[in-house]
Each structure stands twice: as C-alpha cells, then as structure tokens.
Amino acid sequence: MESIQENQIKYQCLKDVTHRKEMVLAQIKANNKEVGYLWKSLFAKQPKSKKSKGSVISNVLKTGVGVFDAVVLAWKVYRKFKK
C-alpha cells in the first residue's frame, strides 16, 4: 500500500496534468507500435525453403495413401448402411 502512495504525483496546476497526460499518451502510442510489430512478426509467413525430391515424393505418397484410406473407409461405411 505504501509503494502506491510513494509513486503518486502531486499536481500544482492544470498544465502539470496536461503535460502528464501527453507523456502517458506518448508511452501508450509507443507501446502500441511495439505490440503491433511483435504481433505481425508472430504471424508472419516464414520464407519457404527448397525441398528435396525425396521429401516431395514422400509428401505425394502420404497424400495419396490418405486419400485411398478415406475412399476405403467411405466405401465400407456405405456398404454397412446400404443394407
């Protein structure tokens, strides 16, 4: 509780309040710019690296096996509920 009272500023006139308000607004704008920069860097797309032929073939096989598995599953479900 004491630390809060130590940090309080005593204002003598309206100019002091206006000056403090301008300082706080400047800090808020600077923080907003920093947060915006960090937010954009968080979701920025990473540059694509070149893939080797082996990884391309592996990805094609994975996709093909996945599609085949989905077709077989759909066929089995279709035959089961057809009866």
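Two aromatic pairs occur in this structure. Here rings of Phe, Tyr and Trp (its six-membered ring) pair if their centres lie within 6.5 Å; planes under 30 degrees apart are stacked, over 60 edge-to-face, and the rest tilted. One of the pairs joins Trp 75 and Tyr 78, a tilted case with 5.7 Å centre to centre and 35° between the planes. The model is predicted: local features need pLDDT of at least 70, side-chain atom pairs count only at pLDDT 80 or more, and totals for chains, interfaces and linings use all residues. Residues are numbered from 1 along each chain as its sequence is written, and side-chain values use heavy atoms, without hydrogens and water.

Trp 75 and Tyr 78 are about one helical turn apart, because they lie three residues apart in helix H3. Helices are DSSP runs (H or I, at least four residues), numbered from the N terminus. Helix H3 covers residues 53-82. Its 30 residues should span 44 Å at 1.5 Å a residue, and the end C-alpha atoms agree at 43 Å apart. The expected span is 1.5 Å times one less than the number of residues.

Buried means under 20% relative accessible area, exposed over 50%, partly exposed in between (1.4 Å probe, protein chains only).

| Residue | Relative accessibility | Class |
|---|---|---|
| Trp 75 | 48% | partly exposed |
| Tyr 78 | 46% | partly exposed |
| Val 17 | 38% | partly exposed |

Val 17 sits in helix H2 (residues 14-43). Ile 9, Tyr 11, Leu 14 and Val 17 make a nonpolar surface patch of about 390 Å².

Definitions and conventions:
Helix = DSSP H or I, 4+ residues; strand = E, 2+ residues; numbered from the N terminus. Patch = residues over 30% accessible without salt bridge, like charges linked within 9 Å, V, L, I, M, F, W, Y side chains within 5 Å. Areas by Shrake-Rupley, 256 points an atom, 1.4 Å probe, with all protein chains shown as cover. Salt bridge = Lys/Arg side-chain N within 4 Å of Asp/Glu carboxyl O.
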